[in-house]
Amino acid sequence: MRPLIVARALGAAAWLGLFAATPVRADERPAEISTAAPSEPANVGDAKLAARAYHESGRYARDLAGVTARAGAWLNERGRQVERPALVLDVDDTALSNWEVIQADDFGRVFGGPCEALPEGPCGWVNWDLLGRSPALPATLALYTLARAQGIAVFFITGRDEPQRAATERNLREAGYTAYARLDMPAFGARYASAADFKAPRRAAIEAEGYRIIANVGDQPSDLAGGYAERTFLLPNPFYRIP
């Protein structure tokens with residue numbers, strides 16, 4: 001067998017030599033691939049694939065549980081030490097999940113338009129909110145339940161405006177948030193450069209009523225900016241950004 005292998009090897013070598021000797025026309029050479037410019041941002045399509053994989057792999061739920069576990073440990077420690085302790089929660093993708101509409105809109109933030117094609121898109125976020133069918137995020141619901149069991153008042157502060165109040169209150173109640181102190185919402189047509197410009201003054205008003213906000217939990221940095229909370233806890237959300 002060895003002579004046969006050598007013969008085949010020699011034949012291959014001869015063939016390769018013949019091929020190497022054949023000139024290659026310029027228009028047949030493989031094109032050079034130019035690399036992206038150093039200042040180019042991450043590809044949006046790649047980011048969407050990564051965000052979907054993050055959610056569907058279970059890592060998102062695990063990271064949520066990790067943050068809320070730390071918040072719960074803090075409530076256990078601090079809630080007994082102050083008078084009238086309070087917990088502030090955001091609504092969207094903090095207390096309630098919008099994963100269905102996020103997928104339907106392919107990670108877009110489209111506010112207007114009907115939601116007639118669900119689970120396919122498009123679906124306007126306002127009409128999605130008015131459907132009132134967002135499920136609770138289990139980790140946040142567990143945190144809420146712990147807070148209420150300890151006598152800690154829970155306040156919701158959301159960027160959803162007043163015309164969405166009835167649907168939002170119904171959605172919260174049906175999702176298991178049944179005994180909170182108040183839901184704060186901006187007036188219809190109100191405009192803010194940042195969500196913090198609405199939410200921080202609302203937290204200040206809560207503390208002016210005699211409560212001590214020992215924890216503020218949200219999925220956007222703007223949910224937490226502006227003070228009026230002893231500790232803040234940022235939940236993961238690579239799906240959209242609200243300034």
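I began with pairing: two strands count as paired if DSSP finds at least two bridges between them. The model I am working on is predicted.

Entry 1, strands S1 and S2. I looked up how S1 (residues 85-89) is joined to S2 (residues 153-157) and found four bridges, with the two strands running parallel. Ala 86 of this pair stands opposite Ala 153 in S2.

Entry 2, the sheet. I traced an open sheet of five strands in the order S3-S2-S1-S4-S5, with parallel pairing. S3 (182-184) and S5 (232-234) are the edge strands, and each pairs on one side only. I noted that neighbouring strands are turned by 20° against each other on average, direction ignored.

Which strands does helix H6 lie across? I found H6 (residues 138-149) across S1, S2 and S4 (212-218), running at about 165° to S1. Helix H8 (residues 196-208) lies across S1, S2, S3 and S4, and I noted its direction as about 155° to S2.

I looked up the largest core, which has 46 residues; Leu 87, Phe 156, Tyr 177 and Phe 239 have the most contacts inside it. Helix H3 (residues 59-78) gives the largest share of this core, six residues. I then listed the contacts of Leu 87, not counting residues up to four places away in sequence; among them are Leu 75, Leu 143, Ala 147, Val 154, Ala 215 and Val 217. A second, separate core has nine residues, including Ile 157 and Ile 206. Ala 86 and Ala 153 from Entry 1 also belong to this second core.

Key
Residues numbered from 1 in each chain as written. Predicted model: local features only at pLDDT ≥ 70, side-chain atom pairs only at ≥ 80, totals over all residues. Heavy atoms only, no water. Axes fitted to C-alpha atoms, helices over the stretch in contact; angles between N-to-C directions. Contact = heavy atoms within 4.5 Å. Core = buried A, V, L, I, M, F, W, Y, C linked by side-chain atoms within 4.5 Å. Buried < 20%, exposed > 50% of the residue type's maximum accessible area, 1.4 Å probe, protein only.
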